[in-house]
Amino acid sequence: MLSAENLPEILGFLQSRETAMAHLLKRCVLCESPTDSKPAVDYFGCMLATEWKMRGAKVEFLPRKDAGNHLRIIWLPNPARRAGIRARAGQILVLGHLDTVYEVGTIKKMPFRVTQGRAFGPGVLDMKGGLVIAVFAVDALAHAGWLPDRRIVFLWTSDEETGSKTSRAVIEHEARRSAAVLVLEPANGPEGQLKTRRKATGTAELVISGRGAHAGLDPGAGVNAVHELALQAARLMRLNNHRRGISVNPTIAQGGTRSNVIPAEARLTIDLRAETLADMRRIERKLMALRPILPGAHLSVQGGFSRPPLERHASAALFSKARELAQGLGFSVGESLAGGGSDGNFTAALGVPTLDGLGVVGEGPHSPDEQVILSALSQRAALLAALLATL
Ligand SMILES: [Zn+2]
């Protein structure tokens, strides 16, 4: 069992490995892995698999045809030494993703570089840094002579950035067998806040049909789908409630064909966010209850929320634990709400305790300035190690 006295030793070991961490981070960033390039994601997965195999972990690929393969890494005490360890019920699941939002070749415009203690490059923060600290957290625990007394599963998926279509089922399957889920998405802001709440997110589409007519000869014979779209957009805006954390925003409007034709078709894309499951359900009901305003217009609503919220009751106990461990390591961590979703939303919705934002600290995810604060790598790896050892 790891105790409070071991924490400075764990951190000290990781501080001595900072150069090695930065080096692995560079290798990970240079190995570009956009969600839509299966060969690139698979190649990156193989590179990480090698790192884990070198450390004696059991590595399995979960093959996917239309997306990169997912990677499942299982860390158990080695059988020779396991005899004396009583296995505890429930595994710990650590979630990460291999994919980034940057297409292959971005590295030429956004080369990996280190300046003033920060590393820059595509995906360096979201979330290659998180995948790097996991490797070193395990090194630190092995160095301290600690062995897991329950199964620890690291699941690196290939399609988080596009909604986890091919990974959601395996994430939920592993979560159901887990006592806790730790998510290596980046921390919030340069202060490194953990994410104890995440909004539910989704996209809906309103498909509007009217009736086409000549705008000059017979305008009264038409039903203007763009007019209906505008009326519906105004009505949808009234669902916003910033105090409650609800946002419903029409973001893409399309309609019409020619300047002199009353448009027969229009489409409205709507970005949806809500902080609580109750508000998410309420917005879903309101969307389903939308009716046309103009006589003769027709509506259909497609899509909706795709990720339920991560609410604080799912993360509170894990957050207190993390805060206490961080104090033992000599730093403090705060908490915050994230407006976007992650795979932690799925696991929290199953009632499995979930803590997110345990990855690295930096700024500018999904932007040309994406960066990681290198001096925080050892702290974040130490916090992850301490959580793995004490949960
Ligand atoms: Zn991410």
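Angles under 35 degrees count as roughly parallel, over 145 as roughly antiparallel, 65 to 115 as roughly perpendicular and the rest as oblique. Keep that handy for the first stop. You're looking at a predicted model, where local features need pLDDT of at least 70, side-chain atom pairs count only at pLDDT 80 or more, and totals for chains, interfaces and linings use all residues. Numbering starts from 1 along each chain as its sequence is written, and side-chain values use heavy atoms, with hydrogens and water left out.

**Stop one: two helices**

Select α1 (residues 6-16) and α6 (residues 124-143), which pack at about 125° with their axes 9 Å apart. Helices here are DSSP runs (H or I, at least four residues) and strands likewise (E, at least two), numbered from the N terminus. The axes are lines fitted to C-alpha atoms, for helices over the stretch in contact, and the angles run from 0 to 180 degrees between N-to-C directions. So α1 and α6 are oblique to each other. Now show side chains: Glu9, Ile10, Phe13 and Leu14 of α1 meet Phe136, Asp139, Ala140, Leu141 and His143 of α6, where contact means heavy atoms within 4.5 Å.

While you're on α6, zoom in on Met127. The peptide bond from Asp126 to Met127 is cis, with omega near -5°.

**Stop two: the cores**

Next, pick Trp52, Phe154, Trp156 and Leu383, the residues with the most contacts inside the largest nonpolar core, which has 74 residues. Such a core is a set of buried Ala, Val, Leu, Ile, Met, Phe, Trp, Tyr and Cys residues joined through side-chain atoms within 4.5 Å; buried means under 20% relative accessible area, exposed over 50%, partly exposed in between (1.4 Å probe, protein chains only). Helix α6 supplies the largest share of this core, 13 residues. Centre on Phe154 and you'll find Trp52, Leu71 and Trp75 among the residues it touches, not counting those up to four places away in sequence.

**Stop three: helix α7**

Select residues 168-176 for α7, where Val170, Ile171, Glu172, Glu174 and Ala175 are buried. Their cover includes β1 (58-62), β2 (70-75), β3 (91-97), β6 (152-157), β7 (178-183) and α11 (343-349).

Step back into the loop between β6 and α7 for Ser164. Its phi is near 60°, positive in a residue other than glycine. Is Ser164 buried or exposed? At 1% relative accessibility, Ser164 counts as buried.

Finish at His366, in the loop between β17 (362-363) and β18 (371-373). His366 also has a positive phi, about 60°, although not a glycine, and is partly exposed at 42% relative accessible area.
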